Amino acid sequence: MKEIFLRRSIRSYSDKEISTRDLERLAEAGLMAPSARNQDSRGLIIVNDKSILLELASMSKYASFLKEAKACILVIGINKDTIPTLHMQECDLAATTENILLEATHLGIGSCWLGTYPVKERMDYVKNTLNISDNDFVYSVIALGYPKDPNAFYEKDKIKKENICWNRVK
């Protein structure tokens with residue numbers, strides 16, 4: 001539970017590299033997320049090549065901090081023609097993304113979910129940059145790096161009790 005309350009969108013990164021093992025661990029955490037009917041609906045692309053990160057930073061004006069990132073993980077929607085509950089694929093991909101964000105926090109790695117889906121221009125830019133199949137789509141890009149700010153992870157009270165109802169909406 002600690003990671004849920006400490007997780008933040010971190011957009012400023014130190015020069016410290018992320019180990020291959022930690023990047024693999026983040027991918028594994030993503031693939032452990034639930035999916036509708038346990039369908040094979042997601043793929044991941046780990047990017048730690050600086051030149052590709054610089055290209056991806058041009059995805060939108062909000063992605064420029066990828067220039068500082070040490071890596072990113074892309075969550076990809078796959079197998080749209082064969083999965084049994086296509087209408088649930090976006091939920092699968094969101095759960096995958098969230099698992100990666102929480103595991104990054106657990107490992108002390110800063111992360112930020114860059115909104116990609118459903119913005120066609122962003123999805124197409126990333127798809128073309130990384131040669132992603134026409135049968136697949138880019139759901140999210142998760143920037144990764146150790147935070148520059150040593151106090152980047154802190155508990156912030158975002159809970160609004162008035163948004164919680166019991167049994168029925170009042």
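Q: What makes Met 1, Ile 4, Phe 5, Ile 159, Ile 164 and Trp 166 a nonpolar surface patch?
A: Together they make a patch of about 710 Å². Patch residues need over 30% relative accessible area and no salt bridge, with nonpolar side chains (Val, Leu, Ile, Met, Phe, Trp, Tyr) joined within 5 Å. A quick word on ground rules: this is a predicted model, where local features need pLDDT of at least 70 and side-chain atom pairs count only at pLDDT 80 or more, while totals for chains, interfaces and linings use all residues. Residues are numbered from 1 along each chain as its sequence is written, and side-chain values use heavy atoms, leaving out hydrogens and water.

Q: Why is Ile 4 called partly exposed?
A: Its relative accessibility is 47%. Buried means under 20%, exposed over 50%, and partly exposed in between (1.4 Å probe, protein chains only), so Ile 4 counts as partly exposed.

Q: What makes Trp 113 and Tyr 139 a tilted pair?
A: Rings of Phe, Tyr and Trp (its six-membered ring) pair if their centres lie within 6.5 Å; planes under 30 degrees apart are stacked, over 60 edge-to-face, the rest tilted. Here the centres are 6.2 Å apart and the planes at 50°, so the pair is tilted.

Q: How do you know that Lys 16 lies over the face of Tyr 146?
A: The distance to the ring centre is 4.2 Å. The rule asks for NZ of Lys or CZ of Arg within 6 Å of the ring centre and within 35 degrees of the ring normal.

Terms used: Patches are made of residues with over 30% relative accessible area and no salt bridge: like charges are joined within 9 Å, nonpolar side chains (Val, Leu, Ile, Met, Phe, Trp, Tyr) within 5 Å. Accessible areas come from the Shrake-Rupley method with a 1.4 Å probe; for residues, only the protein chains shown count as cover. A salt bridge is a side-chain nitrogen of Lys or Arg within 4 Å of a carboxyl oxygen of Asp or Glu.
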